[in-house]
Amino acid sequence: AAADEKEREVQDAEEERRVNAVVALSKLVDHAAALKAVEPHSNTVITACCLSATYKKRKEVRMMALECLSKLTMLPYEKLHGRKMEVINELAKALDDPKRAVRKAAVKTRNAWYVLKG
């Protein structure tokens, strides 16, 4: 039981770090220079945003993750094409969100990923 509790604490801490990173990134990617700096780490950022797009505890986190994923579509296509279908499939989960604003953002973001072409 103690091991389960410890593992749960570690998972919660990891989730909280990821959420904090997504919140910071969503503010950064508004600027072209910052978006360029994120480019080498795009796979990690995409993974974190996809996981956070369905974060149950806070609507704001889900919205920021979706916004960040949407802005990442401005990166060069060759950085994104390998993850395109994975992101589209992950975004399908956000389409069922209980909050209308999140569903609307998920549709917008998913469409941005659908129309990506090289």
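**Exercises on helix packing and burial**

Helix 4 and helix 7 pack with their axes 9 Å apart and at an angle of about 15 degrees. Helices here are DSSP runs of H or I with at least four residues, numbered from the N terminus, while axes are lines fitted to C-alpha atoms over the stretch in contact, with angles from 0 to 180 degrees between N-to-C directions. The model is predicted, so that local features need pLDDT of at least 70 and side-chain atom pairs pLDDT 80 or more, whereas totals for chains, interfaces and linings use all residues. Residues are numbered from 1 along each chain, and side-chain values use heavy atoms, without hydrogens and water.

**Exercise 1.** Work out whether helix 4 and helix 7 are roughly parallel or roughly antiparallel, and name the residues through which they meet.

*Solution.* Begin with the cut-offs: angles under 35 degrees count as roughly parallel, over 145 as roughly antiparallel, 65 to 115 as roughly perpendicular, and the rest as oblique. With an angle of about 15 degrees, helix 4 and helix 7 are therefore roughly parallel to each other. Next, look for contacts (heavy atoms within 4.5 Å): on the helix 4 side you find K59, R62, M63, L66, L69 and S70, and these meet A101, V102, A105, A106, K108, T109, A112 and W113 in helix 7.

**Exercise 2.** Decide whether S70 is buried or exposed, and find what it touches beyond its sequence neighbours.

*Solution.* First locate S70, which is found in helix 4. Buried means under 20% relative accessible area, exposed over 50%, and partly exposed in between, with a 1.4 Å probe and protein chains only; because its relative accessibility is 13%, S70 counts as buried. Leaving aside neighbours within four places in sequence, S70 is in contact with K108, T109, A112 and W113.

**Exercise 3.** Describe the largest nonpolar core and say which helices each supply at least two of its residues.

*Solution.* A nonpolar core is a set of buried Ala, Val, Leu, Ile, Met, Phe, Trp, Tyr and Cys residues joined through side-chain atoms within 4.5 Å. The largest one has 27 residues, of which I46, L66, L69, L72 and W113 touch the most other members. At least two residues come from each of helix 1 (2-28), helix 2 (32-38), helix 3 (42-52), helix 4 (59-72), helix 6 (84-94) and helix 7 (100-114). A second, separate core has 5 residues, among them V19, Y55, V61 and M64.

**Exercise 4.** List the buried residues of helix 3 and identify what covers them.

*Solution.* In helix 3 the buried residues are S42, V45, I46, A48, C49, C50 and S52, and their cover includes helix 1, helix 2, helix 4, helix 5 (77-80), helix 6 and helix 7. Turning to helix 4 as one of these, helix 3 packs against it at about 145 degrees, with the axes 8 Å apart. Here V45, I46, C49, C50 and S52 in helix 3 meet V61, R62, A65, C68, L69 and L72 in helix 4.
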